[in-house]
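This briefing sets out selected features of the structure shown below, grouped by topic.

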Amino acid sequence: MADNGRKAETVTLTMDGQEVTVPRGTSLLHAAESIGTEVPHYCYHPGLSAPAQCRICLVEVEGAPKLQPSCVTMAAEGQVVHTDSPAAKRMRQGVLEFYLVNHPLDCPICDMSGECMLQDYVFDEGREKGRGREPKRVFGRDDFGGDVLYYGDRCVMCTRCVRFMDEVARDSRLTVVERGSRAVIDTFFDRGLEGASFAGNVVDICPVGALVSKDFLHKARAWDLDHTPSICPNCSHGCNIELHTRDNLVQRLKPRENQEVNGHWMCDYGRANYEWMNRPGRLEAPAVGRGSDRRAADWREALELLFASLSAAEGDVALVGSATCSNEALAGLVALGEEMSGGEAGRVFRSPRAADEVPLPGFPLLVRRRDLVPNSDGAELLGFERAGNDDGQGGLEHAAEHGGVVIVLGDELVDQGEEFGANASLFVYLGTFDTAAAANADFVLPITTFAEEEGSFVNAQGRVQRFQQGLRPPESARPAWLVLGALVAALRGEETPGSAPEAFARLADAHPAFEGLTWEAVGDRGAALIAEAVHG
Amino acid sequence: MSEVRFRNPGWAGNTGEFDLSEADVRGTEYVGERALDGGHPSVAPSLPYMFVQKDPEAPLFEGPYRERFEKIRGRYPTARAALLPALNLAQELRGHISPETMDEVAGLLGLSDAYVRGVATFYTMYNKRPVGRFLIQVCTNISCNLCGADDVLAAFLEHTGTELGETSSDGNFTVAEAECLAACGFPTCVQINSRYFEDVSVDDVPAVLDRLKREVNQGF
């Protein structure tokens, strides 16, 4: 040991015959992970405490009289660990056999099938055939309230859900009731999970099919789902998520780990609000002309006509953006406004706002924010001003009656009537759905939603985060950054940005708040804006 | 009885052959009333006998019971640690731990209702359903079983006229099966409330029940 009795910062041990150096205080489970070995585990979850009660992560440590739980045994200098020795394997097989004593093996009708840790481990290391001769005990299923359904027979009693509610949600509504083979997870009799704001996470952390989502029940098999890294669009916190899609429809949202934003978690509000991404009846093709002159056009024709109209347009331009649009799209709108000769007459966005924030007590970074749109902070950074009330309505009087150019991007104008833009010399509507307020539009251009394009948002922490394309857009819809980028490029006589990264690079050049950021630097985990630039 | 064989009466094992009262066996100072406030805090969580009032409507906790509860709470560093004795006290008062009782105890200790339910259901000695004045728990584990515990159990059911776990119509008896009562030297062992009756045979059952009924009549 070094002088002053100070301990070294790292320890070196032998793991499965391989020497590995890890920081002091690393568990054997993580040490094994660092050489690519997954030690099976149920009760251990990186976001929760480790009670070492599932007994499946036991490994052999030379010199220790018994197998040691690798989730709580810390790596020590000179340790020799075997995760795959005959003793460890025999133990795992035995533990798995116990887990299957009362397990119904109803994988064919189980939602978890395909991503189930019990299925995986038994497939890897379990017995070929069961030896049980006695009938299995049967609990049936229990509705926990909220979105959570409990199948007691499938449960392995890892208590992850109980600990999540205790430690992270700090709302101890779940507990282990009874004991031994009669033990089940339950709430306090009729008091369920209704009203809890983060209870949906227990479905994610359940390693087996015991806790399942009612919304997702029997909807899709795990192996049929495509997983797309994305950002939750339902509030301005921007939790990192995955879109799980099948048949070009979003089937569910799952949190994606990011310790600087949302940990392993996301809120129930965000999780539940995905159906709008699947909403049918989208704008299918560009259209030009007002009222009875309205006719469909292809993109080339529409953009050429629009370019001519913009070049000839007189009067100042009123911009209405939307905080559901990416930074790239909003920056494109700003750039277009700047290219117009008449100057700008307002740059606004609207956002529905909740009455309160909803923090996650055990992971205080994660807060369901008041803004129920993903990019209100990006919009503000790009110079858009908040308009309208907390329902995301009103506040567009100026644009509605504006006599110059009006360009609406992404705002569906649900509260506006047919007279919207009647006085405008040129009214351009870029949106996903047709709306009564677009009746006077000279150009109606179908754009993609965030789920159908690549792009970035700025969250309430001042963090730029990228999302990827998870859905195939309607045939003629185009990303707004591409449509606006093409127009700006034509007006400036430069080249159209060919991709979202290129659009982002132009945005970073044009706006000091984004200075120094690159698409690569933002990466999958996001990157913070320079602090001073955020919120003025 | 034709054949006299050695029987260990225990301090509560008077099954009829001995004309001894419990006071004779244990000494009077061990029997009888004890202050309902529990006396010294170190012994407050439990009483030597279950003087169970079994009033399901009894308030939690009032008068001397409130004092006893405060003593219990003060003896433990955390509310969780005080939960078991607090549930004991509630059961002593009400005879069983109903969902309402769990909820009230949770409120008194500042614990979550679900957590209290988890603890109360883990331990079999908390009655989750109402029981009779005497809860007769017959050990049917190995030693007792080898010495005829199944027959003793059947005899108790027959003489009380109940099914397993059911309370007799007069409200006096509930017969239950118990795992090992740690009295394997004296099979069959029967625990009635907090008293052990050892070496109970099928023939002893009527005498045991008679004695219990006598106690009821004496208002004991």
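Chain B contains eight helices and four strands, where helices (H or I, at least four residues) and strands (E, at least two) are DSSP runs numbered from the N terminus. This is a predicted model, in which local features need pLDDT of at least 70 and side-chain atom pairs count only at pLDDT 80 or more, while totals for chains, interfaces and linings use all residues. Residues are numbered from 1 along each chain as its sequence is written, and chains are lettered from A and ligands numbered from 1 in the order in which they are written.

**Chain B overall**

- The elements of chain B follow the order α-α-α-α-α-β-α-α-β-β-β-α from the N terminus on.
- Of the 220 residues in chain B, 34% are buried; a residue is buried if 20 or more other C-beta atoms lie within 10 Å of its own, exposed if 12 or fewer, and partly exposed in between, with C-beta atoms placed from the backbone.
- Contacts in chain B between residues at least 6 apart in sequence join residues at least 24 apart in 65% of cases; two residues are in contact if their C-beta atoms, placed from the backbone, lie within 7 Å.

**Helices α4 and α5 of chain B**

- The axes of α4(B) (residues 99-109) and α5(B) (residues 113-122) come within 8 Å and cross at roughly 120°; axes are lines fitted to C-alpha atoms, for helices over the stretch in contact, and angles run from 0 to 180 degrees between N-to-C directions.
- That angle makes α4(B) oblique to α5(B), since angles under 35 degrees count as roughly parallel, over 145 as roughly antiparallel, 65 to 115 as roughly perpendicular and the rest as oblique.
- B:M102, B:D103, B:V105 and B:A106 of α4(B) meet B:D113, B:V116, B:R117 and B:A120 of α5(B).
- By class, this contact has five nonpolar, no polar and three charged residues; Ala, Val, Leu, Ile, Met, Phe, Trp, Tyr, Cys and Pro count as nonpolar, Asp, Glu, Lys and Arg as charged, and the others, Gly among them, as polar.
- Nine of the ten residues of α5(B) are buried, so this helix is largely enclosed by the rest of the structure.
- The cover over the buried residues of α5(B) includes β8 (175-177) of chain A, together with α3 (83-94) and α4 of chain B.

**Interface between the chains**

- Nine residues of chain B are in contact with twelve residues of chain A.
- On the side of chain B that touches chain A, α5(B) gives the most, with seven residues.
- The residues on that side of chain B divide into four nonpolar, three polar and two charged.

**Nonpolar cores**

- The largest nonpolar core has 179 residues, and A:I407 and B:A86 have the most contacts inside it; such a core is a set of buried Ala, Val, Leu, Ile, Met, Phe, Trp, Tyr and Cys residues joined through C-beta atoms within 7 Å.
- Apart from it lies another core, of 26 residues, including B:I136 and B:V190.

**Backbone and loop details**

- A cis peptide bond, with omega about -10°, joins B:P187 and B:T188; B:T188 is in the loop between β2 (173-178) and β3 (190-192) of chain B.
- A:M157 is not a glycine, yet has a positive phi of about 55°; A:M157 is partly exposed, with 18 other C-beta atoms within 10 Å.
- A:L413, not a glycine, also has a positive phi of about 55°; A:L413 is buried, with 23 other C-beta atoms within 10 Å.
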